[in-house]
Amino acid sequence: MAEPVARMRESIERHVERARGATTTRRAMPVPVAPLARRVATTMARLHGRGGEAPRIEVELDEALALPMPEADLFEVIGNLVDNACKYGARRVRVFDES
């Protein structure tokens, strides 16, 4: 549970910085998506499995896929998508790219 709490705290701090205009405009380094998505999957399976059966979250991404954005922002985006899929979808969630 410590990781989701730490991520929420980082997210709040990032949003406060943006509101103050303290973010930079420099281009972010590409972040590998697959390892980050696997971390999200593990966290969400634990979170949504408490008190019942954990959802089956599969990550099927090209290991070379990387996006030029801050890692914390990418974690938040993937986390929100997987969280919503777990809340409102079936017990099986797939994170994949169609290329």
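**View 1. Arg94 and the ring of Phe96.** In this predicted model, R94 lies over the face of F96, 4.2 Å from the ring centre. A charge counts as sitting over a ring if NZ of Lys or CZ of Arg is within 6 Å of the ring centre and within 35 degrees of the ring normal. Residues are numbered from 1 along each chain as its sequence is written, and side-chain values use heavy atoms, without hydrogens and water. Local features need pLDDT of at least 70 and side-chain atom pairs pLDDT 80 or more, while totals for chains, interfaces and linings use all residues.

**View 2. The helices and strands of the protein.** Three helices and four strands make up the pattern α-β-α-β-β-α-β along the sequence. Helices (H or I, at least four residues) and strands (E, at least two) are DSSP runs numbered from the N terminus.

**View 3. The largest nonpolar core.** This core has 18 residues, and I57, I78 and V82 touch the most other members. Two or more residues each come from α2 (33–49), α3 (71–88) and β4 (92–96); α2 gives the most, with eight. A nonpolar core is a set of buried Ala, Val, Leu, Ile, Met, Phe, Trp, Tyr and Cys residues joined through side-chain atoms within 4.5 Å. Buried means under 20% relative accessible area, exposed over 50%, and partly exposed in between (1.4 Å probe, protein chains only).

**View 4. The surroundings of Val82.** Leaving out residues up to four places away in sequence, V82 touches V40, M44, I57 and V95. Contact means heavy atoms within 4.5 Å.
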